Structure formats: structure tokens, C-alpha cells
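Here is a short walk through one protein model, going from strands and helices to charges and rings. Have the structure open while you read.

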Amino acid sequence: MMARSATIERKTSETAISVFVTIDGTGRYDVKTGVGFFDHMLEQLARHSLMDIEVRAEGDLHIDDHHTVEDVGIALGQAVSKALGERRGIRRYASLDLVMDEAMTLAAVDVSGRPFLVWNVAFTAPKIGTFDTELVREFFQAFAGNAGITLHVKNHYAVNSHHIAETCFKAVARVLRVAFEPDTRVGDAVPSTKGSLAG
């Protein structure tokens, strides 16, 4: 399998973003978005997926964090899709229930080429520090849509909103790690009877 890496640059009137991803990494991260809690979550995504992720983002944070978070999701999703290429030889599917203290969250993924998000997560507070909790869904919507994956996330139960967000990012990271891994039994084949995972 060839090296699976990609760089995406995205510039609009609202944000300027650069993302570099290596699928077969070690979980290294270098993330600077200007949104502290979001940086922390992207670091969790890298560490637990074992993808190497570099992000630089400048956004209109004087308005709010929305454009920055959403556009990083877009760029990161595009980088992952580009790095995966034709998605040959991958496991494709994975699911996991992940716990953190009182919180448990399910993530399930199909690296299908067909973007879809099912989000069944309710936060117990509108903010984590200064970060709007509704932006967690916005990130994953943008990421799944641009990565070309079907992603389901469900929080079973929790009390603390920080823990809810963190279990979402960690659970998604863990299922991406498995679904992106080479499946030695299929070799270089595309894991679909259609012969394509282009959507």
C-alpha cells in the first residue's frame, strides 16, 4: 500500500486553513486553530486514530468559532478522502462503545464514499468554557460530508458536557483507525461488490 498522506489548503473570506494528514501515522499532532477546546479535541482525534494531523487555521473568531470549526472539518475531511484514494484494501467498517468516567458514546463508521451523519448526542450544557457545544455536531457533519463516510454517533448517557464531547472525538478516532487499516485478507481489492467506493 502506497503512503496515504494529503495536504489541503482552503481559503475563504471567513477562514484560511491548511491541513496535512498521514493516515498511517503514530498519532502525532500539531494543531493551532485559535479555539483552545477545539484544538484539544483535534489532538484526541489524532492520538486515538493514529493519524498524524497538522492544522493551521485563521478565522473570524471576533464573530464566533463556527466558521473556523466547520471549515476545519471540511478541510480535514477532504484531506482524509484524498489520502485514502480509491479506498483499496481497507477494512471499511468499524464500531465501538467508548467510556470516559460517567459517559459512554457509540461511534460506527462505513468508509463508503457516501457521506451521511446520524447524530444522537445531547449535551447537558450549551458551552464548555467559551466553546459552543453545538459546534461538535457541526464539525462532524462537515468532516463526514467531505471525507465521504457514513458516520453514526450516539451518546448513551453522561453528565458532563466535556466528557460527552471527548467521548465523541475519541470514539470516532478509534473507529476510523480500524476502518482505515489494511485488511490483509482482501489485498488491494476495493471492499465492495460494486468494485468502487467513489459514492
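## The sheet

Let's start with β6 and strand β10 (residues 150-157), which pair in the antiparallel sense over seven bridges. Strands count as paired here if DSSP finds at least two bridges between them. Helices (H or I, at least four residues) and strands (E, at least two) are DSSP runs, numbered from the N terminus. Along this pairing, L106 sits opposite K154 in β10.

Before going further, keep in mind that this is a predicted model: local features need pLDDT of at least 70, side-chain atom pairs count only at pLDDT 80 or more, and totals for chains, interfaces and linings use all residues. Residues are numbered from 1 along each chain as its sequence is written, and side-chain values use heavy atoms, with hydrogens and water left out.

Now zoom out to the sheet: four strands, open, in the order β5-β6-β10-β7, with mixed pairing. At the edges are β5 and β7 (116-120), each pairing on one side only. On average, neighbouring strands of this sheet are turned by 10° against each other, direction ignored.

## Helices on the sheet

Helix α3 (residues 134-147) lies across β7 and β10 and runs at about 160° to β7. Helix α4 (residues 161-180) packs on the sheet too, touching β5, β6, β7 and β10, and its direction makes about 150° with that of β5. Contact means heavy atoms within 4.5 Å. For the angles, axes are lines fitted to C-alpha atoms, for helices over the stretch in contact, and values run from 0 to 180 degrees between N-to-C directions.

## Salt bridges

Side chains of opposite charge can pair when their charged atoms come close. How many salt bridges does a search of the whole structure find? It turns up 11, taking a salt bridge as a side-chain nitrogen of Lys or Arg within 4 Å of a carboxyl oxygen of Asp or Glu. One of them joins R10 and D71, at 3.7 Å from N to O. That pair links distant parts of the chain: R10 is in strand β1 (residues 5-11) and D71 in helix α2 (residues 66-84), 61 residues apart. R10 is partly exposed, with a relative accessible area of 24%, while D71 is buried at 4%. The cut-offs are under 20% relative accessible area for buried, over 50% for exposed, and partly exposed in between (1.4 Å probe, protein chains only).

D110 also bridges to R92, with the closest N and O atoms 2.6 Å apart. D110 and R92 are both buried. D110 meets R114 in a salt bridge as well, at 3.9 Å from N to O; R114 is partly exposed, with a relative accessible area of 37%. Elsewhere, D30, K32 and R56 are linked in a network of salt bridges.

## Aromatic rings

The structure holds seven aromatic pairs. Rings of Phe, Tyr and Trp (its six-membered ring) pair if their centres lie within 6.5 Å; planes under 30 degrees apart count as stacked, over 60 as edge-to-face and the rest as tilted. F37 and F131 have ring centres 5.2 Å apart and planes at 50°, so this pair is tilted. It ties F37 in helix α1 (residues 36-49) to F131 in strand β9 (residues 131-132), 94 residues apart. Both F37 and F131 are buried.

F139 and F140 make an edge-to-face pair, 5.1 Å centre to centre with 70° between the planes, and both are buried. Ring pairs also link F38, W119, F139, F140, F143 and F169 into a cluster.
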